[in-house]
Amino acid sequence: MAEKKIQSALISVYYKDNLEPIIELLKNQGVTIYSTGGTQKFIEEQGADVIPVEELTGYPSIFGGRVKTLHPKVFGGILYRRENEGDIKQATEYGIPAIDLVIVDLYPFEETVASGASEADIIEKIDIGGIALIRAAAKNCKDVTIIASKAQYGELEERLKAQNGALTTADRRYFAAQAFKVSSNYDTHIFNYFNQEENIPALKISEENASDLRYGENPHQEARFYGDLKALFDQLNGKELSYNNLVDVDAAVSLIAEFTEETAFAILKHTNACGVALGATVKEAYEKAFAADTISAFGGVLITNKKVDLAAAEAIHGLFFEVLIAPDFDQDAMDLLKGKKKRILLKQKMNLTGAKQVKTLLNGFVEQDKDLKTETKAQFEVVTKVAPSEAEKDALVFALKICKHTKSNTIILSNHDQLFSSGVGQTSRVDALQQAIEKAKAFGFDLKGAVMASDAFFPFPDCVEIAGKEGISAVVQPGGSIKDKDSIAYCDANGMSMVMTGIRHFKH
């Protein structure tokens, strides 16, 4: 594609980082440079001549810097079509010089919002001139090159060096696409800031951090992750996270966040917990979690909410697993666990944030609030003659925390500090309970005195009947079935306690 030599440039940037090599190249090529304020001073310090924009326009920077480049001589120089006779005539008539390269960035709106600044300061960081320059230059990419972020300085430098100060049509189109990515991302964040209160029904998502994954759920599917994993984790060891790893890690960190004070450990497989336990130490919690299902733990994702010490690492080391997540690792523990090079070790730096979930569905998207409700004993409504003991209430709270994060239909069987078993993703609640009972027995658990949690109500009394015959003593469920009285009657007749929460936790 035809190359066009850069002969003039407008540079007006908030961040000057790594701009020096570009200035040096333009200076050596004899490029005419226009600039404003602090950028002008910076360029002059690099030994390059600069024409102030004020000299071009005949107007100073006004309104506290809100209006600097918004002028026909600036935008005319960017937008006029170099092969259009009428445009050329008008540019000559009004003394509008051609501007071939625009280097501009935007005020740091996202960073200002994140800093907790006042609304007045946030509003001042809504860029007007910069966004207009980006759009104008990108629109006229047939003739003009736009650099809209310091992230593109390196690419510009390489291309200018390789092509002796010239850029091709393909170069200009590429940088235009990058520019619209920058501008659309910027506007999305501004809209979402204002829409926190207005709640206009519009889904605007923009994430510029992108990572190619090895593949998706299966090797024939391409995949990419959008987000800043480094803000959430430090990866201390192992191969790159895969699509399936990420799905399981998301489930793991969501589950472990339910446990804030106690030392907790969870083992997950395909987003469902196959082991969860509390303990006096990480080692004890791990061993109890592992005991719940020593088969499914193979190749699982492990997580704890406390620092992993050497004793815990020695217990865990013998298991083949994909990922281990913890808030920290003792050095000797990390040295041991790093013995397997592909094993992924993640140091979790923060909890998940955000109150919304979005997924593709049919030919569109669905957005919903995250399920952030976690029931406490205070929310239990005792509906049977026998009330659960305090120990049973503790066990019901523990079981509910796991139930909330398990695929529907689900049944959880546990005591106050150890998952015994779960029935997950079944098409009937009876199937889920029978699966849970079978698993508990397979791994040597006595269900006498255990508790049962259900993610939704019992449409029939069959589940409490089956549970009662196994010795389960207390049940928690949302309630709301037209046949609740039948389940309650069975519990009353057999000395079982039942509480209702009024909150359903379906997870599809």
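**Close-up 1. A right-handed β-α-β unit is built from strand S22, helix H19 and strand S23.** In this predicted model, S22 covers residues 474-477, H19 covers residues 484-493, and S23 covers residues 497-500. Strands S22 and S23 pair in the parallel sense, with four bridges between them. Look for Val475, which stands opposite Met498 of S23.

**Close-up 2. Strand S23 also pairs with strand S18, in the antiparallel sense.** S18 spans residues 381-382, and two bridges join S18 to S23. Here Val382 is found opposite Val499 of S23. Along S23, the side chains of Ser497 and Val499 point one way, while Met498 and Met500 point the other way. All four of these residues are buried. In a regular strand, side chains alternate between the two faces of the sheet.

**Close-up 3. The largest nonpolar core has 41 residues.** The members that touch the most others are Val249, Leu268, Val276, Ile303, Val323, Ile325 and Leu346. Helix H16 (residues 390-404) supplies the largest share, eight residues. This core lies between domain 2 (222-348) and domain 3 (377-500), because both give residues to it.

**Close-up 4. Val323 and its contacts come into view here.** Leaving aside residues up to four places away in sequence, Val323 touches Leu241, Asn245, Val249, Gly300, Val301, Leu302, Ile344 and Leu346.

Close-up 5. In soluble globular proteins, nonpolar side chains tend to be buried together.

Definitions and conventions
Residues numbered from 1 in each chain as written. Predicted model: local features only at pLDDT ≥ 70, side-chain atom pairs only at ≥ 80, totals over all residues. Heavy atoms only, no water. Core = buried A, V, L, I, M, F, W, Y, C linked by side-chain atoms within 4.5 Å. Buried < 20%, exposed > 50% of the residue type's maximum accessible area, 1.4 Å probe, protein only. Domains from an automatic or database assignment. Contact = heavy atoms within 4.5 Å. Pairing = 2+ DSSP bridges. Right-handed = clockwise from strand over helix to strand, strands pointing away.
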